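Work through the exercises below with the sequence and the model side by side. Try each task before you read its solution.

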Amino acid sequence: MQRVTSLMEEYLEPLARPLDAYVDKRLVRTFFQLIRTIIEARNQSTGLMVSELGSTMLSGRQATAGEKRIHRLLTSEKWSEELIRIFQWNQAQERYEELKREGEEILVVWDGSEIEKPESQKAEDLCAVRSSKAARRKKSRKGIFNQPGGKPIIVQGYEWTACVVVGEKGKPSLAMMDF
């Protein structure tokens, strides 16, 4: 995990400068701790609950303090998602220029994906998405008759668009992501 932490700090180091200019140093430290904690908890089913993140970020006994730190970070009026967007765009632009100088083939990969959340009715920012799972279940099988064609099945879910700059070698760079 130490290697992951050092790679994360190396990648996010350019973001630390503008964050330091806008946000209290304690919140910047909390930001880096939170990112590390999210990476550590990424496979746990409850990993992104604020109470679990607060507990993992500090320790079980200091879970409430961890929750308060996360809350102060997320509700701080001194920064916004725009700082992160600018950081991502600048990193991708630097990567593009680096690949161009090296004469490598440059690809900008666009991803427009959806996540189905049919069981969620009250979650924030849900929209209507086509259900690929339900469409697969409608296909004709031996002994089961479903009307071919017809209207697509629509469920609740999230849509997002992302662009990533990649070359033949090296790391990809996220240019933008929007939900």
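**Exercise 1. Check the length of helix 1 and find its bend and its buried residues.**

Solution. 
1. Start with the length. At 1.5 Å a residue, the 21 residues of helix 1 should span 30 Å. The expected span is 1.5 Å times one less than the number of residues. The end C-alpha atoms lie 28 Å apart, which agrees.
2. Helices here are DSSP runs of H or I with at least four residues, strands are runs of E with at least two, and both are numbered from the N terminus.
3. This is a predicted model, where local features need pLDDT of at least 70, side-chain atom pairs count only at pLDDT 80 or more, and totals for chains, interfaces and linings use all residues. Residues are numbered from 1 along each chain as its sequence is written, and side-chain values use heavy atoms, with hydrogens and water left out.
4. Thr5, Met8, Leu12, Leu15, Ala16 and Leu19 are the buried residues of helix 1. Buried means under 20% relative accessible area and exposed over 50%, with partly exposed in between (1.4 Å probe, protein chains only).
5. These buried residues pack against helix 2 (25-40) and helix 5. Contact means heavy atoms within 4.5 Å.

**Exercise 2. Sort helix 5 into its buried and exposed residues.**

Solution. 
1. Helix 5 covers residues 81-102. Its 22 residues should span 32 Å, and its end C-alpha atoms are 32 Å apart, which agrees.
2. Leu83, Phe87, Gln88, Gln91, Ala92, Arg95 and Leu99 are buried.
3. Seen down the axis, the buried residues of helix 5 fall within an arc of 165°, so they line one face of the helix. The arc is taken over the directions from the helix axis to the C-beta atoms.
4. On the other side, Glu94, Lys100 and Arg101 are exposed.
5. The cover over the buried residues includes helix 1 (2-22), strand 3 (154-166) and strand 4 (173-178).
6. Just after helix 5, Gly103 takes a positive phi of about 75°.

**Exercise 3. Describe how strand 3 and strand 4 pair.**

Solution. 
1. The two strands run antiparallel and pair over 5 bridges. Pairing requires at least two DSSP bridges between the strands.
2. Cys163 has Met176 in strand 4 as its bridge partner.
3. The hairpin has 6 residues between the strands. In this hairpin, Gly170 takes a positive phi near 85°.

Conventions: Bend = angle between axes of the 7 residues up to and from the residue.
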